[in-house]
Amino acid sequence: NTQIIRKEPLLQSSIHDPNLTLNVETTAKNEKILQKIEQDTTPLNELGSITRGVEAGKKSELITDIPNAYPLLFGEDVNKYTIKTRNHWIKFSIKDQTNFKEESLYKQPKKILIRRVGKEIIATIDFNKRVTLNTLYILKLKDHSLIEEICALLNSKTIRFWFKNRYVLTEKLFPYIEFHN
């Protein structure tokens, strides 16, 4: 017997924010657990910056299978703690600021990669300075000494529980995880 939290009736006409989504399935028990998880925590965006990779699709003319200086990762290449190595390369251009971010973002000695599409947070660490498509978020930490711990937390059952109960993914086929600084 789980009990749904209902403090007062909510009228549809009182909601003016089109981006607002209510999770009506969170129970009183879960809410207490969520509050404990959130107590004395530091938001991810205070630990570093979160940026999408190269703004291009899989079929972009920038992508090639001919090896050059910039190995490329797609979102599907990343799983918890692992990266599937494939033969994808990208013709990187520092001058092309429409598609590319600063080269230093990709060339960090180690960075956390988070899949953008999925029903849960999936993170790993890239130690090989690879470029990523926009189907991956790049977490550039202010303090790299905590990179393994933060990656482990992002992949943990605790964060999975918190994410599932705090965020409602409205897309069922390809749900997008969104980070807002």
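The legends below describe views of a predicted model.

**View 1. Overall fold of the predicted model****.** The protein contains 5 helices and 10 strands. Of its 181 residues, 38% count as buried. The accessible surface of the protein is about 12000 Å², and carbon and sulfur atoms account for 53% of that surface. Where contacts join residues at least 6 apart in sequence, 67% of these contacts are between residues at least 24 apart.

**View 2. Residue I50 in strand β1****.** Strand β1 covers residues 48-52 and includes I50. The relative accessibility of I50 is 12%, so I50 counts as buried, the cut-off being under 20%. In sequence, I50 and I138 are separated by 88 residues, while their C-alpha atoms lie 5.6 Å apart in space.

**View 3. Crossing of helices α1 and α5****.** Helix α1 spans residues 28-38 and helix α5 spans residues 157-166. Their axes come within 10 Å and cross at roughly 120°. The crossing of α1 past α5 is left-handed.

**View 4. Residues in the contact between α1 and α5****.** On the α1 side, the contact is made by N30, E31, I33, L34, I37 and E38. On the α5 side, T158, F161, W162, N165 and R166 take part. By class, the residues of this contact comprise 5 nonpolar, 3 polar and 3 charged.

Key. Residues numbered from 1 in each chain as written. Predicted model: local features only at pLDDT ≥ 70, side-chain atom pairs only at ≥ 80, totals over all residues. Heavy atoms only, no water. Helix = DSSP H or I, 4+ residues; strand = E, 2+ residues; numbered from the N terminus. Buried < 20%, exposed > 50% of the residue type's maximum accessible area, 1.4 Å probe, protein only. Axes fitted to C-alpha atoms, helices over the stretch in contact; angles between N-to-C directions. Left-handed = near helix turned anticlockwise from the far one by under 90°. Contact = heavy atoms within 4.5 Å. Nonpolar A, V, L, I, M, F, W, Y, C, P; charged D, E, K, R; others polar. Areas by Shrake-Rupley, 256 points an atom, 1.4 Å probe, with all protein chains shown as cover.
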